[in-house]
Amino acid sequence: MDFTLPPLLTSLVDRGNGLLWGSVLIYLLIGAGLYFTVLTRGIQLRYFGHMFKLLGSSRQSNGGISSFQALSTSLAARVGTGNLAGVAVAIYFGGPGAIFWMWMTAMVGMATSFVESTLAQAYKTDHGDNTFRGGPARYIERGLGLRWLAVLFSICLIIAFGLAFNSVQANSIAQAMEQAFAVPTWAMGLVLMAVVAPIIFGGLKSIAKVAELVVPLMALLYLILALVVVGLNISDLPSAIMTIVRSAFGFEQAAGGAVGYAVSQAIMNGIQRGLFSNEAGMGSAPNAAATASTRPDHPAAQGFIQMLGVFLDTLVICTATAAIIIMAGPELMAGDENNGIQLTQMALSSHVGEWGGMFIAVAILLFAFTSVIANYSYGESNIEYLAGRRAPVAVFIYRLAVLAMIMIGSMASLGAIWNFADLSMGMMAIINLVAILMLSPVAFSLFRDYEEQLKAGKEPVFDPSRFPKLVNKVDPKAWPKK
């Protein structure tokens, strides 16, 4: 059985995507990232090594969720179909040059991720079980006093992550397993529901523990295989890099209008798929960032760690997938049916043999499975924000809805689900980007405070009383005065 959107809804979704991704979001996303990069004087370059240093001291959480677990949870959401199917979609529709624009999106997106995750930590609230809750909804309400906008963001996030994105992940798993092992899509949907249910019913701590175990292992195995492929084709590496760069600026296309169209497609698909993959500026990762007990005890610490997540997702894992596909040659993209995960499977199979397609099927199973549970966690945090005292009942209903969307997504057409997910993501991103631009002076002051203490040889400690814009807005249980 195949699920498609009604024609009228399909038309509205397509028009919405054309408006958001054709103009508004591209300029807002890149503009915000450049603004944050300039105002922090290239934080993603100056503090590149510091990100790894912080990660090495982040495992202790006193019974709560550690910074490492929060990063693993956000990576679980980031590292999914965007890294395997999404890269293939970007190359198929935008050419190899789309990868260059994915890189650029990630570079400026690292600064954006720092700002939004630092704000999420600053405005987080104590949940009463050694964990915290936070994210855009909280910093929009607490920082800007715009409850209505915070509610709108939460609704968009629940629709996007709990429903649309989980359908996308389930769709990619089902398609990959059908391609590799001839497993019916409906059967894979049932299996996913059975495996996901006990984890999401265990709550956010259960999700963080699973992510901490699975995400590093699956990423490492995939990167090892990608390095083997590159090693087997090392002589083709310079040519592949030049193909990406030349295609990004239209040098490989014919002169005239074809160049402009090719470049616009590369930019749009690269930025669109890049944001879907690394989620910088979307307002999703801050929900995970806010849950952590940070070391050092400062909001900016989690900002640095989440910045590392963008780097690992796009500049490392997405690049590995791009190398596998581009080095396989352009003839694989000749058929219309090979525009998603199947393209990645066929590309790897051309390098290592038939088992390559099976490996990708297993990889997408793990990548997308962890994305499902992480996406769920983002939705739960926002369900709790909206429901207040009725949260237990609302969360239970939300869990059932997530399981239902996993089943629907397993049998859905790829195009319809991708388009709906893009629209939901675009609406979320606009709300969040406007909010973090308005709150950026707070993030910048926190960064300067962290930097000054670090340069003075101290371990940075956050004292809300030193920040007039924060002193009456932070949760005293989450950030007691030092």
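Searching the whole structure turns up zero disulfides, a disulfide being a pair of cysteine sulfur atoms within 2.5 Å. The model is a predicted one, with local features needing pLDDT of at least 70 and side-chain atom pairs counted only at pLDDT 80 or more, while totals for chains, interfaces and linings use all residues. Residues are numbered from 1 along each chain as its sequence is written, and side-chain values use heavy atoms, leaving out hydrogens and water.

Arg41 pairs with Glu451 at 3.1 Å, N to O. That pair ties together distant parts of the chain, with Arg41 in the loop between helices H1 (7–39) and H2 (43–46) and Glu451 in helix H18 (residues 414–455), 410 residues apart; helices here are DSSP runs (H or I, at least four residues), numbered from the N terminus. Glu451 also meets Lys455 at 3.9 Å, four residues away in H18, or about one turn of the helix. Glu451 is buried at 5% relative accessibility, whereas Lys455 is exposed at 62%. Arg41, Arg46, Glu451 and Lys455 are linked in a salt-bridge network.

Then there is helix H4 (residues 67–78): all twelve of its twelve residues are buried, so H4 is largely enclosed by the rest of the structure.

Methods. Buried < 20%, exposed > 50% of the residue type's maximum accessible area, 1.4 Å probe, protein only. Helix = DSSP H or I, 4+ residues; strand = E, 2+ residues; numbered from the N terminus. Salt bridge = Lys/Arg side-chain N within 4 Å of Asp/Glu carboxyl O.
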